Amino acid sequence: MSEQPSGRDHGDDAGRPFDGVRVLELAEGISGPFAGRWLAALGADVVKVERTTGDPSRAFGPWPDDLPDDETSGLFLYLNGDKRSITLNLETSDGREILRELAQSAEIVIESFEPGFLESHELSYAELSRDHDALVMISITPFGQTGPNANLPATELTLYAASGQMWLTGHPERHPLKNGGSQPSYQAGLNALAAITGAYYGAVMHGQGSYIDLSVQETYAGMAEAFHTRASQLGIESQRSGNNLNALWGVYEVADGHGGICALPRNYPAFARAVGLDELQDERFADPGQRLLNNDELMAIMYGWFAAQTRQGLLELGIEHRVPFGYVATFEDLTNSEHLQSRDFFASLDDEDTGSLTYPGRLWLSSGHDWKMGRAPRLGEHNMEIIHGELGYEREDLVRLRELDAI
Amino acid sequence: MFDPGRPLTGVRVADLTMIWAGPYGAKILADQGAEVIKIESPRAWDNIRTLLPPPVAPGEHWWNTNFYFHEYSRNKKSLSLDLASDEGKAVFARLLAHCDVVMENYRTDVMDNLGLSYEWLCEQREDIIVVGMAGFGKTGPEKDAVGYGPIIEMMSGMTSTSGYGDDGVPYKSGISYGDPIAGICAAAAVATALIQRKRTGKGQYIDLAQREVMSTLLGEFYMDWSMNRRLPEHMGTGHDWMSPHNVYPCAGDDDWIAICVRTDVEWEGLKRAMGAPHWTERAEFSDQILRWEHRAELDELVAAWTRGRAKTDAFAALHAERVPSSPVWKMLEVLRDPHLQARGFYEPIRHPEVGIWVAHGWLWRTEGGQPCIVGPAPDFGQHNADILGGLLGIPQAEQAALEAAGVVATRPEGVPPASEMPATPSLI
């Protein structure tokens with residue numbers, strides 16, 4: 001693989017927010033690596049400590065031509081750009097010692113072991129921060145460090161169910177539905193980024209770090225919108241509403257796929273102008289109170305109208321009339337989007353092992369910094385550079401450590 | 001004394017955001033200790049206050065008591081200020097000198113139309129950090145598109161990944177998922193910019209497009225398109241190699257339990273949890289690949305076990321055997337989840353007119369931390385005098401003149417009585 005150029009060049013004057021900050025990533029899977037991935041793109045030196053067999057996400061696809069390979073997992077490549085990889089076996093005392101030395105040089109530690117693992121290996125926050133008050137450390141686990149479910153294994157599906165999110169998703173007359181992909185883990189990773197950046201700001205300002213316990217279930221349960229307060233404040237249960245909360249809030253079939261609308265009452269006049277059907281001016285639809293009483297009739301009209309629209313046509317009509325129209329975009333649409341390309345949204349990678357890859361390369365655009373958009377490391381690629389070059393172990397030591405299964 | 005649970009203490013945020021995405025982000029900043037001043041015009045107040053009519057007698061000041069508003073507004077202060085007027089803008093300019101951050105999630109053109117460009121904001125406070133959260137960003141051919149959460153979700157690729165799989169229909173999330181995702185990211189962007197400001201002494205402008213943030217949660221699908229020109233199949237509640245992996249019906253009305261088996265060890269656990277029925281020894285369920293190949297039949301057999309049981313009873317049996325599982329909690333049930341209760345996730349919140357209820361506390365918690373919720377959502381304009389008089393030193397007579405001119409107010413203009421709002425069985 002070759003080094004990739006970074007996306008947008010803001011010049012080197014401002015640098016990046018995390019330049020010179022070392023992050024120790026002991027996390028596997030999606031959540032922790034997702035947070036670490038953005039810290040790396042923001043300039044941090046993220047040292048990814050992998051078990052000797054590698055982060056399990058290396059064993060998840062997609063792969064080019066569906067041929068499994070530890071170095072070409074699309075999920076791993078996406079989540080680990082710009083990091084350095086070393087392998088450590090934490091079941092060996094040498095492995096743990098190297099980790100402690102690395103932690104001394106780190107400002108931030110991200111970990112995702114089962115609760116209790118680090119304590120039992122003498123690598124808890126109390127130990128890693130003993131002479132290092134400013135250390136920020138976050139544990140990311142399905143249910144957090146405490147409570148009756150703390151050690152219960154979890155999957156995306158069970159976390160989706162446990163957070164209350166699943167109950168709300170899907171058709172009211174069918175079973176609750178799971179979102180595609182790995183949303184519990186990803187959203188937890190984004191929360192972890194907010195938690196880490198906030199805590200690190202506190203550490204920079206006050207010299208005092210913190211230990212953060214993040215539960216995937218809690219971060220996901222914390223975004224239940226009006227449904228949550230309706231239950232907690234008013235005692236009212238909510239139901240699944242499928243693709244249509246009402247006629248003007250939902251997904252419809254259009255001529256070349258699916259599109260949708262999300263109009264609040266205040267958007268109605270612009271909506272009616274954009275659609276241009278005379279009947280939409282009738283009191284029974286134009287009046288907000290009557291509109292809900294005539295929702296089925298309005299939906300029937302909308303089914304007919306949407307069926308004659310195209311996806312791009314809908315978006316353009318929305319732009320013209322300032323109406324919240326959109327369409328169900330595919331990853332082909334997105335990869336080819338002029339809009340996203342014009343905003344330097346994508347990182348790209350092109351080498352013989354993976355072929356040409358295009359994927360999201362940043363979270364936001366800033367006038368103050370750009371984003372690194374480099375490649376992910378091979379397993380243990382930086383063992384020599386870090387353990388020999390930076391920690392000062394001799395080359396013979398590395399041979400010995402390898403023989404002891406420590407690296 | 002520095003509280004590591006509130007690392008943003010001392011940061012002041014002028015919060016111009018409305019509805020959900022922005023307010024959710026500002027809530028996270030407020031929970032972390034930032035002083036978030038929610039600024040609304042007496043004539044253009046946050047629509048979330050009155051979007052959903054309350055189903056029970058709401059009281060006279062229902063713009064302050066409405067449940068939806070309370071979801072995003074605890075721990076914040078409220079200042080009413082008409083930014084469209086010269087007087088209001090002059091007050092805002094004075095306030096900005098005391099602020100670190102400005103957040104807005106207006107349509108792309110609104111800040112400039114109000115005369116609140118980034119340049120103007122910087123003139124009031126040289127190192128200001130400004131976060132704009134337009135749905136599609138501030139540049140590019142689609143910048144003027146508008147959208148709430150589900151539109152963001154559709155346009156990000158998210159919706160294309162979800163569906164039952166048997167009808168070709170893509171499904172949106174139950175919540176407006178794009179909003180909180182953008183809000184969380186905005187909180188991270190603010191802290192990141194504060195870190196950089198500490199180093200460089202400079203502020204920055206952050207153009208945070210909600211659609212783009214949502215799309216970063218879908219990396220493997222982009223990779224599959226790049227690598228194999230393949231678009232996601234709708235998996236329903238199934239999985240491409242695990243079985244059992246589904247939601248199973250339980251005794252009760254629309255009650256379900258999610259059960260997943262990833263390994264042979266977990267399969268043995270499931271067998272024990274179900275009381276080791278003899279069918280589990282059949283050859284076609286003897287390894288992971290075979291179980292997946294026979295998943296339709298296996299799902300039926302597992303459902304036959306769950307169907308007669310309360311989901312909490314089934315869960316207790318599965319929990320004892322460490323099988324990945326969870327009841328599909330309804331909204332009233334997740335509030336009583338024994339695990340969340342044991343962790344103190346929900347905290348009491350008290351409002352003088354509403355009474356007491358629970359809201360979620362820390363989204364993540366810091367060792368030795370205090371309760372998350374300091375105070376309920378502020379009444380409209382509740383902190384006008386504190387901020388105008390206390391922080392800015394504007395004399396009372398001048399404050400009275402601003403109020404007389406309608407630049408500040410303690411009640412929003414044009415809110416219809418709750419009794420005139422349409423009754424609705426639906427949420428919006």
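**Chain contacts and local features of the predicted A–B complex**

In the predicted model, 124 residues of chain B are in contact with 131 residues of chain A, two residues being in contact if their C-beta atoms, placed from the backbone, lie within 7 Å. Helix α8 (residues 178-200) of chain B supplies the largest share of the side that touches chain A, namely 15 residues. Helices (H or I, at least four residues) and strands (E, at least two) are DSSP runs, numbered from the N terminus. By class, this side of chain B comprises 73 nonpolar, 35 polar and 16 charged residues. Here Ala, Val, Leu, Ile, Met, Phe, Trp, Tyr, Cys and Pro count as nonpolar, Asp, Glu, Lys and Arg as charged, and the others, Gly among them, as polar.

Residues are numbered from 1 along each chain as its sequence is written, while chains are lettered from A and ligands numbered from 1 in the order in which they are written. As this is a predicted model, local features need pLDDT of at least 70 and side-chain atom pairs count only at pLDDT 80 or more, whereas totals for chains, interfaces and linings use all residues. The complex has an ipTM of 0.97 and a pTM of 0.97 from the predictor. For chain B the mean pLDDT (the predictor's confidence in each residue, from 0 to 100) is 94, and 97% of its residues reach 70 or more.

Between the chains, the axes of helix α8 (residues 183-206) of chain A and α8(B) come within 8 Å and cross at roughly 25 degrees. Axes are lines fitted to C-alpha atoms, for helices over the stretch in contact, and angles run from 0 to 180 degrees between N-to-C directions. The two helices α8(A) and α8(B) are therefore roughly parallel to each other; angles under 35 degrees count as roughly parallel, over 145 as roughly antiparallel, 65 to 115 as roughly perpendicular and the rest as oblique. The residues that make this contact include Leu190(A), Ala194(A) and Tyr201(A) of α8(A), and Ile184(B), Ala188(B) and Ile195(B) of α8(B). They divide into 15 nonpolar, 5 polar and 1 charged.

The chains also meet through strands: β13 (residues 365-366) of chain A pairs with β6 (residues 204-207) of chain B in the antiparallel sense over 2 bridges. Two strands pair if DSSP finds at least two bridges between them. Leu365(A) has Asp207(B) as its bridge partner in β6(B).

Within chain B, 3 strands form an open antiparallel sheet in the order β7-β8-β9. Its edge strands are β7 and β9 (325-327), each pairing on one side only. Neighbouring strands of the sheet are turned by 15 degrees against each other on average, direction ignored. The antiparallel pairing of β7(B) with β8(B) extends over 5 bridges, and Val247(B) has Ala258(B) as its bridge partner in β8(B). Helix α13 (residues 295-306) of chain B lies across β7 and β8, at about 40 degrees to β7(B). Helix α14 (residues 311-320) of chain B packs on the sheet, where it touches β8 and β9, and its direction makes about 160 degrees with that of β9(B).

Several backbone features lie in loops. Most residues other than glycine have a negative phi, and most peptide bonds are trans. Asp254(B), however, is not a glycine and has a positive phi of about 55 degrees; its place is in the loop between β7 and β8 (256-260) of chain B. A cis peptide bond joins Ser243(B) to Pro244(B), with omega about -5 degrees, and Pro244(B) is in the loop between α10 (219-228) and β7 (245-249) of chain B. In chain A, Gly61(A) and Pro62(A) are joined by a cis peptide bond with omega about 0 degrees.
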